[in-house]
Amino acid sequence: MSYWSWETFLDAFPIIITGINVTLGLTITSFILALIVGFVWLILESTPVKAFNFIVYWIREFIRSTPPIVQIFFLYYAWPMVPYVGTSFTPFIAAMLALGIHFSTYVSEVYRSGIDSVDKGQWEAATALNFSLKDKWFDIVLPQALPPTIPMLGNYLIILFKEVPLAATIGVVGILSIARSYGADTWSYLEPLTIVAILFLVLSYPSGLLVRMLENKMNRRFDKKSTKVKVTE
Amino acid sequence: MFDTGLNILSYLSQGLGTTISIFLTATAISFVIAFVAGLSRLSGNILIRGFTAFYVEIFRGTSLIVQLFWLYYAVPMLFDINLGSNWWVGVIAVALNYGAYMSEVVRTSVVSVDKGQTEAGIALNLSRFQRMREIILPQALRLMLPEFGNYSIQILKGTALVSLIGLTDLLYYGDIYRSTNLSEGPLAYLMVLVMYFIIALPLIWLSKKGEKIAKKGVAS
């Protein structure tokens, strides 16, 4: 039985930290993908064809409520076998696609809540002033809808960051898989896995505080607005 | 195609018991943790408050898969104890992780109950315990429902990780099937996803219902 050893800790740390680039790279690329695909869901769900919107809604619900690890396995192991469209992905690309698409389903919900929070009067005013569809969206709706969603998106970025080590299961060499292979080589898992936990904590806790700060800032702005409305009533 | 689909389904169903038993046990335990930890963070005792804050932030700040491996590989080495079965390791990892998240739901819901309610309770000479039990919690519970529904789906998704520590759940049988019938891989994983989705459907329904209950009769 081995117990905690600082020697192993100091030996493993520089090896494991080399994986941080891959872990962070995967986090950022999948998040960018999620931001883009989130918009796609929004558009697909607001076509004039009700039946189509309904089907898209359930596809999104399906992706959202099934485990991301199975989706990663699907894209990595099974996608090459899909007739006609199947190609094999590198582990990194497979994980990026799976996590990006999985989180896009949450992101589109965030976008929707942002758009819903824009007062109806704003739409009506834009129509009354004869704004074009493009101007209505880009000059009136989105500038009001997007800022309140930033803290929510920040929260999802942190959650996504914590799902990224799932990619270790298909061989993406991030901090977790380096820690595991270190453990397999030296038969000491305790220190390497603890290092991974510490790295996650060190990165996600301050980001969480930052998001909370942003949230408070947004809330204050929102509150000011609502009191203004009350005064004019 | 249809036949192979049914074939795969009956093969996968061997793992259904493990997935569901882990899901139910982990959910039950995480609810207990959520209430204990959530209320402890509101305690007047700084030691209790500090300790629970420590637990919650550690488990929220690291990821489930890391915690699972830590419990599986590192804890037996560190404390020289055996957690018994892998089944319990899986349950404890999932429950500790989501218990931490859900304790925040409990805490924020309790805090969001109007202060006047507490003041009225004090005015009526209710004890701290009575105030919490009779006045605050019944109102806070309603606010927790939609989030609890969402987290139950997250717990279900989290249980898929237990195949990584050698438990024979849905994903495990999907993997075995895929590795013996490579060309049917897409269908095998699709069926795994469908089975998870079928288990998730009542949870989706419950969280929608929870949202409605939470919205009812609340002045906005």
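In the predicted model, 35 residues of chain A are in contact with 32 residues of chain B, two residues being in contact if their C-beta atoms, placed from the backbone, lie within 7 Å. On the side of chain A that touches chain B, two or more residues come from each of α3 (50-64), α4 (68-78), α8 (149-163), α9 (175-186) and α10 (190-232) of chain A. Of these elements, α10(A) gives the most, with 9 residues. By class, this side of chain A has 25 nonpolar, 7 polar and 3 charged residues. Ala, Val, Leu, Ile, Met, Phe, Trp, Tyr, Cys and Pro count as nonpolar, Asp, Glu, Lys and Arg as charged, and the others, Gly among them, as polar.

Residues are numbered from 1 along each chain as its sequence is written, and chains are lettered from A and ligands numbered from 1 in the order in which they are written. Because the model is predicted, local features need pLDDT of at least 70 and side-chain atom pairs count only at pLDDT 80 or more, whereas totals for chains, interfaces and linings use all residues.

Chain A comprises 10 helices and 0 strands, in the order α-α-α-α-α-α-α-α-α-α along the sequence. Helices (H or I, at least four residues) and strands (E, at least two) are DSSP runs, numbered from the N terminus. The radius of gyration of chain A is 22 Å, well over the 17 Å that the globule rule gives for 233 residues, so chain A is more spread out than a compact globule. This radius is taken over C-alpha atoms, and the globule rule is 2.2 Å times the number of residues to the power 0.38. Along the principal axes, the C-alpha atoms of chain A fill a box of roughly 75 × 50 × 25 Å. Buried residues make up 35% of the 233 residues in chain A. A residue is buried if 20 or more other C-beta atoms lie within 10 Å of its own, exposed if 12 or fewer, and partly exposed in between, with C-beta atoms placed from the backbone. Among contacts in chain A between residues at least 6 apart in sequence, 75% join residues at least 24 apart.

In chain B, the axes of helix α2 (residues 16-40) and helix α5 (residues 86-112) come within 6 Å and cross at roughly 40°. Axes are lines fitted to C-alpha atoms, for helices over the stretch in contact, and angles run from 0 to 180 degrees between N-to-C directions. The contact of α2(B) with α5(B) has 19 nonpolar, 6 polar and 1 charged residues.

Helix α8 (residues 170-180) of chain B has several buried residues, among them L170(B), Y173(B) and R178(B). The buried residues of α8(B) pack against α4 of chain A together with α1 (2-12), α2 and α9 (185-215) of chain B.

Two residues of chain A were examined for backbone geometry. N130(A), in the loop between α6 (120-128) and α7 (133-145) of chain A, has a positive phi of about 65° although it is not a glycine. N130(A) is exposed, with 8 other C-beta atoms within 10 Å. W187(A), in the loop between α9 and α10 of chain A, has a positive phi of about 60°.
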